[in-house]
Amino acid sequence: MTRLIAVIDLFHLLMRATIEKFKDIHFYRFGKPVRGDNDSSCHMAWRYRPNEGKAAAFNKDYRSFTVARSENCTVSVVGIGEYHSGGNARKRKGKGKGTGTAKEVFDKMPARAEDNNPSALPEVGETVNDELPVIESESLFSRGKYLIYSGGGDRCKSMHQYLWSFTCMLGEAQYLNRTLVMDLSVCLSKIYSSSGVDEEGKDFRFYFDLEHLKDSASVLDQSQFWSGWTKWQEKDRLSLHLVEDFRVTPMKLAEVKDSLIMRKFGSVEPDNYWYRVCEGETESVVQRPWHMIRKSRRLLDVASGITSRMNWDFDGVRVERGEKAKNTKLWPNLDKDTSPKALMAILRDKIDDGRNIYIATNERDVSVFDPLKEKYSTHFLDEYKDLWDVNSDWYDETTKLNNGNAVEFDGYMRMSVDTEVFLKGKKQIETFNDLTKDCKDGINRC
């Protein structure tokens with residue numbers, strides 16, 4: 001009983017110290033304290049959300065606490081470590097679908113109205129279980145109904161087009177109540193690569209949350225599917241229904257009984273883009289299930305690491321320049337409107353002097369923003385490279401996903417993290433509408 005009381009007292013001591021130190025976040029739950037690196041160290045985890053900002057996710061942090069006992073035997077917290085410094089409080093998930101067998105007991109804090117359905121939000125900082133879906137048995141495989149898209153012109157296009165086409169395919173699979181057979185190998189467009197050329201062989205899991213997708217929909221990796229199909233197709237008389245015209249709507253395929261529907265796309269663009277299937281009358285019938293697509297939690301964890309170092313007390317400014325600023329025909333004012341002088345004039349009325357501002361930008365030379373340092377404490381993505389360098393959790397986990405080969409923190413990952421940090425700011429100042437009257441997609445396209 002005495003030991004139990006001591007653990008409870010320690011729990012409340014660490015909890016109070018955490019709440020007092022981090023005033024800009026709302027705590028959802030605290031985990032039980034565990035032994036740290038030595039006799040004066042404890043580790044404890046908690047789930048939280050920033051009090052302000054637009055990013056929708058529950059974050060998880062686990063930190064080390066240095067505890068001291070005074071001469072009169074009172075215990076106090078004399079130090080709290082950096083983000084994710086309390087690794088002993090991080091629970092590892094088991095294999096398989098769901099949360100695995102590892103259990104973690106949390107003491108729930110009073111909830112806010114928006115916290116009523118926490119399962120609807122990603123939990124950033126948890127161990128990711130994104131192993132590939134498996135074929136459990138021949139009988140289950142042979143009873144299944146499948147949809148696959150083959151070929152087409154979407155490969156190596158922008159990630160925006162990839163997602164627009166992927167969600168069309170996923171939406172059709174949902175409409176037809178079929179398992180989606182997907183290619184987890186992604187081609188990264190040259191617009192995001194440091195090499196300046198398209199790069200094949202990127203893993204879907206580098207960019208998106210496969211665990212959430214598996215929990216939300218029936219999906220199967222195409223390499224595993226074709227392995228099963230080759231073994232059992234003839235034996236179990238599995239049939240194929242081939243569709244070679246995108247104008248054949250999902251509604252016309254609703255009564256198809258064949259085991260596999262394959263949509264085969266040709267070589268003529270744009271008729272070979274997958275998203276064409278969801279145009280026309282299909283648009284009002286097949287809904288794109290955007291709620292099933294989330295950013296990789298490894299990338300979200302990098303963003304959370306950045307915001308924690310600013311103590312969640314900053315404002316976000318998105319400054320889009322790059323090629324758009326050079327193209328004065330489509331964006332005649334963008335270069336001038338995003339110059340340091342113009343930025344200073346606009347931000348003066350929107351953000352108080354002395355504030356931390358995180359600048360999410362595609363401008364390669366961030367020294368152009370140096371004049372802003374006169375009034376603000378400016379922060380940029382590359383200040384936090386240690387969160388994805390060779391000593392980081394992100395590096396270790398993506399290397400394992402990539403069969404032991406290091407993964408580059410590429411341009412699309414940078415955009416994803418930049419955007420997520422920006423959205424976590426207490427204020428968000430956008431390039432278009434806030435900084436310039438130019439249209440985001442070019443002149444007369446607002």
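How many of the five residues of β15 are buried?

A: Four of the five residues of β15 are buried, which leaves this strand mostly covered. Buried here means under 20% relative accessible area, with over 50% being exposed and partly exposed in between (1.4 Å probe, protein chains only). Please keep in mind that this is a predicted model: local features need pLDDT of at least 70 and side-chain atom pairs pLDDT 80 or more, while totals for chains, interfaces and linings use all residues. Residues are numbered from 1 along each chain as its sequence is written, and side-chain values use heavy atoms, without hydrogens or water.

Let's start with the strand's partners. β15 belongs to an open sheet of four strands, ordered β17-β16-β15-β18, with parallel pairing. Strands (E, at least two residues) and helices (H or I, at least four) are DSSP runs numbered from the N terminus, and two strands pair if DSSP finds at least two bridges between them. At the edges sit β17 (377-379) and β18 (428-429), each of which pairs on one side only.

On one side, β15 runs parallel to β16 and is joined to it by five bridges; there, V317 stands opposite I359. With β18, β15 pairs over two bridges, again in the parallel sense, and the bridge partner of G316 is Q428 in β18. One step along, β16 (residues 356-361) is joined to β17 by three bridges, also parallel, with N356 opposite S377.

A helix also packs on this sheet. Helix α12 (residues 411-423) touches β15 (315-319), β16 and β18, and its direction makes about 145° with that of β16. Touching, or contact, means heavy atoms within 4.5 Å. Angles run from 0 to 180 degrees between N-to-C directions, and axes are lines fitted to C-alpha atoms, for helices over the stretch in contact.

From α12 you can move on to helix α11 (residues 393-401). W394, E397, T398, T399 and L401 of α11 are buried, and the buried residues of this helix pack against β11 (199-203), α4 (204-207), α7 and α12. Helix α7 (residues 297-309) packs with α11 at an angle of about 170°, the axes lying 10 Å apart. The two helices are therefore roughly antiparallel; the classes are under 35 degrees for roughly parallel, over 145 for roughly antiparallel, 65 to 115 for roughly perpendicular and the rest oblique. R298, L299 and V302 of α7 meet W394, E397, T398 and L401 of α11 in this contact. Just after α11, N403 takes a positive phi of about 60°.

Finally, look at I306: leaving aside neighbours within four places in sequence, I306 is in contact with Y358, L381, Y384, L387, V417 and V421. I306, Y358 and V417 are among the residues with the most contacts inside the largest nonpolar core, which has 58 residues. Helix α3 (residues 159-176) gives the most to this core, with nine residues. Such a core is a set of buried Ala, Val, Leu, Ile, Met, Phe, Trp, Tyr and Cys residues joined through side-chain atoms within 4.5 Å.
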